[in-house]
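Biologist: I am new to this structure. Please walk me through it, feature by feature.

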Amino acid sequence: MMIMAPELETTQRIETIQTEDFSGGDHTGQAEENGHAGKLIEYTACRSVPVIGMEVSCLALLDILRENPAAPCVVLVRNEEEIAGVIMREAFNRHLAGRFAAELYYDKPAAMFADPDALIVDAADSAAEVLNKALLRPDAKFYDCVAVMDEGCLLGILTLRDLMELSRRLQKEADERSGTAVVKSSGGVARIGDNALQMAREAAESAEATREMSGLAETGRRRLEEVISSYQMIAEQMRLQSAQTGVLERHIHSISGMASSIRSLADQSSLLAINASIEAAHAGEHGKGFQIVAGEVRKLAQQTRQFSEDIALLLGEIGSLVGENVSLTQSGLREIELGAGHIDAGSEAFSRLMANMENVNRRSQGLSRMAEDAAAAASRVSDELGAMLSQP
């Protein structure tokens, strides 16, 4: 790693890293929008400290520290390229404060007091990760400075105070993000509550509409039952009519038989009248009166025969009409039975529809209650979020 410092001579030459002093400026606005802390350099500035080589003696380091009273430490470099460690002012002073420190340490390299395992981070590292690494250090090194590199060059150091300020800024940023999230959540919860209330109202309206539809379906089912009853009455009447028509048809056959008998009697009467006329002609003058009677009887027999034929013809027409009426009655009865079957199916469909609407009504009422409960819960959550926002 290249160190941004002039070449160190074997004498006690030092170079101070030219970086921005700690200013306490606020860099929280440069954090990434994804909720994680941004780069370390975006949150804090590093402190300038002296950089010494491996050959610098303890006495020379004392002079350097006196010349830089604000420096909490010095950075030790090896071969002008890599950090060999960090020497904390307080720890170094403790070692050289003893009675025989001058004789023991003044001429010896200050590198003997350097911490080779000092925490070194990169300026592009996440600020939260750097803070976490610093907090995980053992207690003996908890107060030591942290060296910050930038593209292989020493940028400066961070003290415990700097780390605490970094922690404060990260916490402030987290609180701001949390506040923003709470505001958004509060608005979202309020919208959820409004939507739940709207859902509850719509569910209640749906339940009311379902009840109305159920009432209409019940009315339709009763009307269908009335139609079925009327169909059954008509079908019964048509069956009775069909039965009466059958009786009438039998009576027509009986009357037709009687008319046939009358025609036969008329034929016999006509033969008897002819025979009587023949006998009256044989009687001569004495049979004239009987011949007149025989002629009238023959005329009466002819009229009776004609009447019998007219009756038979009329009965035939009546029988044909009765047969057609029987056929129409039976066809109408079949249609009525078929229509009654359709009406039964419609009534059953109405019954199923009513059952389904009743089920929908129960579910709508349950949904309305659940939506009201959700709205109440959303209102409570919104109040709690509002209370959180109002807290200092």
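Biologist: Which residue forms a salt bridge with D115, and how far apart are the closest N and O atoms?

Modeller: The general idea comes first. Side chains of opposite charge can pair when their charged atoms come close. A salt bridge here is a side-chain nitrogen of Lys or Arg within 4 Å of a carboxyl oxygen of Asp or Glu. In this structure, D115 pairs with K141, and their closest N and O atoms are 3.3 Å apart. Before we go on, note that this is a predicted model: local features need pLDDT of at least 70, side-chain atom pairs count only at pLDDT 80 or more, and totals for chains, interfaces and linings use all residues. Residues are numbered from 1 along each chain as its sequence is written, and side-chain values use heavy atoms, with hydrogens and water left out.

Biologist: Which parts of the chain does the pair of D115 and K141 tie together?

Modeller: Elements are DSSP runs numbered from the N terminus: helices are H or I with at least four residues, strands are E with at least two. D115 sits in the loop between α3 (101-105) and β5 (120-122). K141 sits in the loop between α4 (127-135) and β6 (146-150). The pair therefore ties together parts that are 26 residues apart in sequence. There is also a network of salt bridges, which links D115, D117 and K141.

Biologist: How many salt bridges does the structure hold?

Modeller: The structure holds 10. One of them joins E165 and R168, with the closest N and O atoms 2.4 Å apart. Another joins R169 and E165, at 3.4 Å from N to O.

Biologist: Why are E165 and R168 separated by about one helical turn?

Modeller: Because they are three residues apart in helix α5. R169 and E165 are four residues apart in that helix, so about one helical turn separates them as well. E165 is buried, with a relative accessible area of 19%. R169 is buried too. R168 counts as partly exposed, at 42%.

Biologist: In what order do the elements run from the N terminus on?

Modeller: The order is β-β-α-β-β-α-α-β-α-β-β-α-α. That gives six helices and seven strands.

Biologist: How do I read a pocket, and which residues lie nearest the centre of the largest pocket?

Modeller: Rolling a probe the size of a water molecule over the atoms shows where empty space is left. On a 1 Å grid over the protein atoms alone, with a 1.4 Å probe, a pocket is an open set of points with protein on both sides within 12 Å along at least five of seven lines. Lining residues have an atom within 4 Å of a point. Here, 21 residues line the largest pocket, and M88, E90, A91, R94 and D144 lie nearest its centre. The elements that give two or more residues to this lining are β4 (82-88) and α2 (89-95). α2 gives the most, with six residues.

Biologist: How does the lining of the largest pocket divide into nonpolar, polar and charged residues?

Modeller: It has 13 nonpolar residues, one polar and seven charged. Ala, Val, Leu, Ile, Met, Phe, Trp, Tyr, Cys and Pro count as nonpolar, Asp, Glu, Lys and Arg as charged, and the others, Gly among them, as polar.

Biologist: Where is L154, and how far is its C-alpha atom from that of I83?

Modeller: L154 lies in strand β7. L154 counts as buried, at 1% relative accessibility.

Biologist: What is the phi of E151?

Modeller: Phi of E151 is near 55°, a positive value in a residue other than glycine. E151 is in the loop between β6 and β7 (153-158). E151 is exposed, with a relative accessible area of 74%.

Biologist: Where does S256 lie?

Modeller: S256 lies in helix α5. I255 also lies in helix α5, which covers residues 160-283. S256 counts as partly exposed, at 31% relative accessibility.

Terms used:
Buried means under 20% relative accessible area, exposed over 50%, partly exposed in between (1.4 Å probe, protein chains only).
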